[in-house]
Amino acid sequence: MGVAKYIKDEKGAIQEVTYQSGIKVKSSYGPEDLEKAGFEYDKDLGQPGEYPFTRSLHPLSYRSRAWTTRQYTGFGTPAETNERFKLMIKNGQNGLNVAFDLPTQMGYDSDHPLAQGEVGRVGMAIDSLKDFETAFAGIPLDKIGSGLTINAVATIMMAMYQATAEKFGYSKNQISTTPQNDILKEMIGRGAWIFPVEHGVRLVGDSIEYAVKELPRSNPVSLCGYHIRESGATPAQEIAYAFSIAKDYIANVTQRGIKPEDFVGRFSFNFNVYGNLWEQIAKFRAARKLWAIMLKEEYGVTDKKKLFLRGLFGGGGSGLTKEQPENNIMRSAYYALGAALSGAQTTALCSFDEAYTIPTPRSALLSLRTLEMLMDEVGLRDTVDPLAGSYFIETLTLEMEEKILEEMKDVEKWGGMTKAISSGFIQRKISAQAYKYEKGLQSGEYKKVGLNQSTEDGEAEKTDVELHEYNEEWAEKSKANLKELKRTRNDQEVSQSLAALEKAARGSDNVMPHLVKCCHAYATVGEMAGVFREVFGEWNEPDFY
Amino acid sequence: MKTTKKIRVLIAKPGLDGHDKGAKIVCLALRDAGMEVIYSGLHQTLDQIIQTATEEAVDVIGLSIMSGAHLPICEKLLAMMKEKGLDDIHLTVGGVIPYQDIPQLKEMGVAQVFPGGVSFEHIVTGINALETGEK
């Protein structure tokens, strides 16, 4: 997808620049621009680590601690994934970001007919606690936090993580997990949803409530503007829609008698860094500020730390090209630079071969090295928010704020995010935008190196990069393990725990404690999700025409 | 185009993958090119796809696959189409498809392959050619 729109004169000089969010950029900026935008140092910027956190969440930012690196990892059986986890940790990665295969994401066991051909393909295959025990063997769960990229069945995986830690002798107070658990964004983009909207949101609410009471170090929801952006949203919409989704989750949890102050500090975010560099930087600075202001003014949150927009700002896959794939190494490095200049707390990059398939160990390590260079070699840790005070960046940050607020107001006009998604309104809007951008890219209106400029003859046909290969044996292995598990586990414990889960799902009891019991009894993901399917039914996607 | 009849295309998302941006924008592009387009929605079984294709009397099925499972899915769907006597429907596939898999897909009977990155024009021309027999 292209980025900014440039109008040039006949000599090629740039006459006009418009960013995707709709902001026009001038040829230069000065103090008069800040004045015109109403910029005030204390109100809009402030000291690093101080409200409204435009500059950073912590006073010393990267000086005190470099960013956390979390490459998205997982494939095959849990044994292969465990090996890759250890490789990444040995090579300096300090957090995990777990990829699950599609059957697991959709709540099917490896032996389900719909799982055929997909077991272990885009992530690791998980059927039961046995698999989690293998995947996390030898990983210090009190030191390494794990993002779990799972949504529709996030409650199940969160329970699985807790049960695994308990099996290994950790207490639930020691572990830190961040399931993605953002079902509304799955309904806008990425598509790994199962249950109807209201039940999906209820499960998110259950997991937040449970984390507040039982898992003090875990972050039950990671709001993903990332996938909304990948689906065709502008940078301003990416932030606005993630915030609007957050508001619906907040509403669900406050209905349970829990104050925002007691749980919003547990939210984290996952945002996308691809596109125009300056627009991304302004986006993140504006987002940190708006989130803090919204929580303070609308929800009465007072504790400073609970106003933090914490999260992963990662290089977006949409920006990568299949053509001249090695170009993606450099392209991702620039995205990473944008993340670093924005003060990203946690980061990850799509690896250069991901326009083809999931990464090889070599390409995954290249991504990690790219991130290390920024922190340790070229000076991104030297000073906090190095672009602060730039006439351009500060003006742009204020303009971005306006755009984000406009988009949020639009969502309110549609009746809030849940309604906008149920009616398909937002999906249609984003698809239409994606179509328009794609046409612009194909016509050369947006420039993309290797795609519509600097192309090479015969490029389209050749791939001389080494690619990760899928192994059919993983499915057989998973199925055999599942069969063995079902032969050896205590059936009575399984059926009792599943019956208790069903009762909770039908009523209003929190499902989480029941899921933990199911996991300990070695009930399978398919069995637990099957209970939810039975009780909740499945979502009917609205028409997109 | 030699034919005046509008080409009917079913754009379908088989299996569990939910990445639907590509499928949706291709729907919009084919519609703008004058074709009649039916979109299956997500998480379709191959039986559902066959059923929709039959009910809607489509000329072309366009599968969108991002997960890497294009080889087994196409193979199975082609066998099912043959069994149901739907051999006259052209099967095409697009998505995250490595170039080296294209010969194998063609060999098994996939009429056209559109890996990510090809232009709308290329897809429209390719589908038109199928219907006019200008392969």
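These legends walk through several close-up views of a predicted model. Residues are numbered from 1 along each chain as its sequence is written, while chains are lettered from A and ligands numbered from 1 in the order in which they are written. Because the model is predicted, local features need pLDDT of at least 70 and side-chain atom pairs count only at pLDDT 80 or more, whereas totals for chains, interfaces and linings use all residues.

**View 1. Three strands of chain A make an open sheet in the order β1-β2-β3.** The pairing here is antiparallel. Strands (E, at least two residues) and helices (H or I, at least four residues) are DSSP runs, numbered from the N terminus, and two strands pair if DSSP finds at least two bridges between them. β1 (5-8) and β3 (24-25) of chain A sit at the edges with a single partner strand each, so one side of each has no neighbour in the sheet. Between β1(A) and β2 (residues 14-18) of chain A there are four bridges. Look for A:Ile7, which stands opposite A:Glu16 in β2(A).

**View 2. Another open sheet of chain A has four strands, in the order β5-β6-β7-β8.** This time the pairing is parallel. The edges belong to β5 (72-73) and β8 (177-179) of chain A; each has a single partner strand, so one side of each is left without a neighbour in the sheet. Helix α6 (residues 154-167) of chain A packs on the sheet, touching β7 (145-149) and β8 of chain A, and its direction makes about 165 degrees with that of β8(A). Such angles run from 0 to 180 degrees between N-to-C directions, with axes as lines fitted to C-alpha atoms, for helices over the stretch in contact. Two bridges join β5(A) to β6 (residues 95-99) of chain A, and A:Thr73 faces A:Val98 in β6(A).

**View 3. Strand β11 (residues 311-315) of chain A is mostly covered.** Five bridges tie β11(A) to β10 (residues 267-273) of chain A, and the two run parallel. In β11(A), A:Leu312 is the bridge partner of A:Asn270.

**View 4. Helix α2 (residues 46-55) of chain B has a buried side.** Its buried residues are B:Ile49, B:Ile50 and B:Ala53. Among the elements covering the buried residues are β1 (8-12), β3 (60-65) and α3 (70-83) of chain B. After α2(B) comes B:Ala57, with a positive phi near 45 degrees.

**View 5. A:Val531 lies in helix α20 (residues 525-536) of chain A.** A:Val531 is buried, with 25 other C-beta atoms within 10 Å. Leaving aside neighbours within four places in sequence, A:Val531 is in contact (C-beta atoms, placed from the backbone, within 7 Å) with A:Leu498, A:Leu501, A:Glu502 and A:Ala505. A:Leu501 is 30 residues away from A:Val531 along the chain, yet their C-alpha atoms are separated by 7.5 Å.

Note on methods: A residue is buried if 20 or more other C-beta atoms lie within 10 Å of its own, exposed if 12 or fewer, and partly exposed in between; C-beta atoms are placed from the backbone. Two residues are in contact if their C-beta atoms, placed from the backbone, lie within 7 Å.
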